[in-house]
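Biologist: Can you put the model up and take me through it? I have some questions about particular residues.

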Amino acid sequence: MTQASTPAPLTPERLEETLGDPYDDDNPYGFAAAVARDEADAFPEELCAALRGTGFHLAYLPQEWGGSFETFDRSIALVRAAARRDVNVMPGTMFSIIAATCLQIHGSPEQRERVAAILREGGAVAFALSEAEHGSDLLAGEVRLADDGTLHGEKWMVGNGSRCSAVYVVARTGERGPGAFSSFLLDLAGLRAESDGLTRAASPRTGGMRGMDFAHLRFAGLPVPEDARVGRAGEGLEVAIKAQQAVRLMSMAGSLGIADSALRLALDFALERRFGRAVLSETPYVRRDLAAASAALIAADAVALAASRGVHALPEAFSVWGPAAKHVVAEASEELVRRCGAVLATRSVLRAGAPGSGMFQKLQRDAQVVRVIDASPLANLRSYAGQIRTLAAGGAEVKPDVLESVFTPGAPLPPYRPALFDLVTRGADPVLGGLGPVADAVGEALRGDEGPAAALVAELAGQVAVLPALTERATARGADPNELVDLAERYAWLHGAAACLRLWWANRDRSLYGAAPGSPGWLGAALGYLMARADGVDPRRRGPALSPALDAALALRERNRMFTALPVVLAARRAAS
């Protein structure tokens, strides 16, 4: 591949400065413009063009492809800064990440160069896997490459399917099993629709992320050149499933961007509204809801941060790390939006007429789409559940220095190596595995602290210790199949709690979430939230533990910072006229 010049890295702060105050109704990159597009089912052309002007679309491309990608935690921070204004920028600028990842794993130099050239110019390369009749039952796919080298069948809900210059298609080339599928990179430039064997048909409109380019691709004898095959025959489905692990990471950034704006709008309202003589944010019930929402966001942020760094250090473990993190981030973000809706009350359902009201409705709808964009919650948990027996059996523990680098923002990381993705993790979940000594050390460090964090750390260690016994029961012959999926969900929430614990321990000498170094408040809040979700109970039952999360959110808002462990400064708010 020809080495292209590497652009200067884009920072979240520079992106924020370029896009300006999202509260400004005259800002074409703000909330009012996002709501107007949403009402009109319009694609965010102007916003995507502005992002391309900053080099945003290069943030996930390898540097050898002419991109500016360094680490996933940096790229996710950029996506959050854009997605908090309108999550529709993700398909508008980054939907090609899965096709690009597939090409990184098994594409030829010529195919990689073709894709890189399209993406450097701001174009799109679509990914066509799902079919309407089969959903997540990928082995039932019917799109087929016939013996004469022509493609037949229909792929549905293809992101950027109407405007893509090329498409990576997974098609049947055999009769049964995962090896019956191969992949092809098809150049669509210059095709004349039906006369060339391809029709691009608009997909049904979605309730959220309105205006997105989802299309059905109908193949009716489309000629496929021999050099269009990507990799070896029979490995298409395997590589596609591996590559979806990268999509899970970027979808987390979308969830977090939505959550950031939802919490900010709820805090704005609660701090300005009075109930009798009290400010609404100080009334007990509202404060409890806001604390639960804040704890959910801190937990989701910590889990996503760990995953975005863990994918560099331990890509071979991401078949369990990714689904666990995706579940926590998507479900916590959706609950956050619901809690914030309770605070906003009637204003959460207004399309117009109150500041931020139309935007909050859009956030509610968008969160539902992001939650299923790469896999449904059930499909995601099933992928985790299928590996639980192996996880419980354990294996060699990850070296402490490797995990320390994962949980220390800014520490050097290995290069991103998607070729090391695997379908099944061979050994324990690296975040949960070996947690006992860390929990003991944290418990000792918190000795004498009067807050709830120490007790929650001990509770977490106890719950992790009994996971092997629960796994044995859930995988026993004749066990209720739902018990295994329920256990997978429990694993996911405990994975999240372990990630928060490790993050606190690795950074106890630095400020996270605006708190003093070593402050256990945010840790207790995150653990309280995550342990409640693991137990299947309302997190508000752990109300006292959650309060420090709201304090942290209020402090970050006051300092105009993103709701994240990283010190990201947001665009300045324009003074109200």
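Modeller: What follows goes from the overall fold to helices, loops and charged pairs. Keep in mind that this is a predicted model.

Biologist: Fine. How many helices and strands does the protein have?

Modeller: The secondary structure comes to 20 helices and 10 strands.

Biologist: What share of the residues is buried?

Modeller: Buried residues make up 58% of the 577. The accessible surface comes to about 22,500 Å², and 52% of that belongs to carbon and sulfur atoms.

Biologist: What about contacts, how many join residues at least 24 apart?

Modeller: 76%, counted among contacts between residues at least 6 apart in sequence.

Biologist: Let's move to helix H3. Which of its residues are buried?

Modeller: H3 covers residues 45-54, and Leu47, Cys48, Ala50, Leu51 and Thr54 are buried there. These residues cover an arc of only 160 degrees around the axis, which puts them on the same side of H3.

Biologist: What does the face turned away from the buried side carry?

Modeller: That face of H3 carries the exposed residues Glu46 and Gly53.

Biologist: And which helices do the buried residues of H3 pack against?

Modeller: They pack against helix H1 (12-19), helix H2 (31-40), helix H4 (72-83) and helix H5 (89-93). After H3 comes Gly55, with a positive phi near 90 degrees.

Biologist: Where is Tyr60 in all this?

Modeller: Tyr60 sits in the loop between H3 and H4.

Biologist: Buried or exposed?

Modeller: Buried, because its relative accessibility is 7% and the cut-off for buried is under 20%. Leaving aside neighbours within four places in sequence, Tyr60 is in contact with Phe69, Thr93, Met94, Ser96, Ile97, Ala100, Leu119 and Met250.

Biologist: Now charges. How many salt bridges does a search of the whole structure find?

Modeller: The search finds 38. One of them joins Arg210 to Asp38, with the closest N and O atoms 3.5 Å apart.

Biologist: What does that pair tie together?

Modeller: Arg210 lies in the loop between S6 and S7 and Asp38 in helix H2, so the pair ties together parts that are 172 residues apart in sequence. Arg210 counts as partly exposed at 23% relative accessibility, whereas Asp38 counts as buried at 3%.

Biologist: What does Asp41 pair with?

Modeller: Asp41 meets Arg205 in a salt bridge, 2.6 Å from N to O. Arg205 is in the loop between S6 and S7 and Asp41 in the loop between H2 and H3, so this pair ties together parts 164 residues apart in sequence. Arg205 counts as exposed, at 73% relative accessibility, and Asp41 as partly exposed, at 28%.

Biologist: Thr206 is the next residue on my list. Where is its place, and what does it touch?

Modeller: Thr206 is in the loop between strand S6 (198-202) and strand S7 (214-223). Not counting residues up to four places away in sequence, Thr206 touches Met157 and Phe214. Its relative accessible area is 23%, so Thr206 is partly exposed.

Biologist: What about Glu131 and Lys155, buried or exposed?

Modeller: Both are buried, and their side chains meet in a salt bridge of 3.0 Å, N to O. Elsewhere, salt bridges that share partners join Asp289, Glu335, Arg339, Arg533, Asp538 and Arg540 into one network.

Biologist: Last topic, the surface. Which residues form a nonpolar patch?

Modeller: Ile241, Leu423 and Val424 form one, with about 190 Å² of accessible area together. Ile241 belongs to helix H8, residues 236-272, and counts as partly exposed at 32% relative accessibility.

Technical notes: Residues are numbered from 1 along each chain as its sequence is written. This is a predicted model: local features need pLDDT of at least 70, side-chain atom pairs count only at pLDDT 80 or more; totals for chains, interfaces and linings use all residues. Side-chain values use heavy atoms; hydrogens and water are left out. Patches are made of residues with over 30% relative accessible area and no salt bridge: like charges are joined within 9 Å, nonpolar side chains (Val, Leu, Ile, Met, Phe, Trp, Tyr) within 5 Å. Accessible areas come from the Shrake-Rupley method with a 1.4 Å probe; for residues, only the protein chains shown count as cover. A salt bridge is a side-chain nitrogen of Lys or Arg within 4 Å of a carboxyl oxygen of Asp or Glu. Helices (H or I, at least four residues) and strands (E, at least two) are DSSP runs, numbered from the N terminus. Buried means under 20% relative accessible area, exposed over 50%, partly exposed in between (1.4 Å probe, protein chains only). Contact means heavy atoms within 4.5 Å. The arc is that of the directions from the helix axis to the C-beta atoms.
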